[in-house]
Amino acid sequence: MPSRMKRGCVPRTAQSSRPVFDAALLRELGRCWAELNRSHFDAALAPPAIQLSDARRRLGSWHRLTRTLTLSRPLMLERSWGMVLEVLRHEMAHQYVDEVLG
């Protein structure tokens, strides 16, 4: 570890690439959301805002008032893509109950 880099610090290049990485993740999550909407929910859902959080204790959430589906960034980085899709599908089920079933 370089002497000037403090332990636990993210190198500047990683910090500057985070918005690009997040944007790519959000595009892919939006694409997967649309595919799951067609295959599991008969295209009954309207697209929500999708955002990432740094939360570790909550893998995902559906926010009714803002119509926002939030997924944990650590989930994306530390778990399999299959697990990410399971959490996405779970949050979409909350969206379905809220918006379709009332």
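**Exercise 1. Give the strand order of the open sheet and describe its pairing.**

The open sheet has three strands in the order E1-E3-E2, and the pairing is mixed. Strands are DSSP runs (E, at least two residues), helices likewise (H or I, at least four), numbered from the N terminus. Two strands pair if DSSP finds at least two bridges between them. The model is predicted: local features need pLDDT of at least 70, side-chain atom pairs count only at pLDDT 80 or more, and totals for chains, interfaces and linings use all residues. Residues are numbered from 1 along each chain as its sequence is written, and side-chain values use heavy atoms, without hydrogens and water.

Step 1. Find the edges: E1 (49–53) and E2 (60–63) each pair on one side only.
Step 2. Take E1 with E3 (residues 68–72): they pair in the parallel sense over five bridges.

**Exercise 2. Classify the one aromatic pair of the structure.**

Step 1. Apply them: the ring centres of Phe-41 and Tyr-96 are 5.5 Å apart and the planes stand at 35°, so the pair is tilted.
Step 2. Place the residues: Phe-41 is in helix H1 (residues 12–41) and Tyr-96 in helix H3 (residues 81–101), 55 residues apart.

**Exercise 3. Is Phe-41 buried or exposed?**

Step 1. Buried means under 20% relative accessible area, exposed over 50%, partly exposed in between (1.4 Å probe, protein chains only).
Step 2. Phe-41, at 10%, counts as buried.
Step 3. Tyr-96, at 25%, is partly exposed.

Definitions and conventions. Rings of Phe, Tyr and Trp (its six-membered ring) pair if their centres lie within 6.5 Å; planes under 30 degrees apart count as stacked, over 60 as edge-to-face and the rest as tilted.
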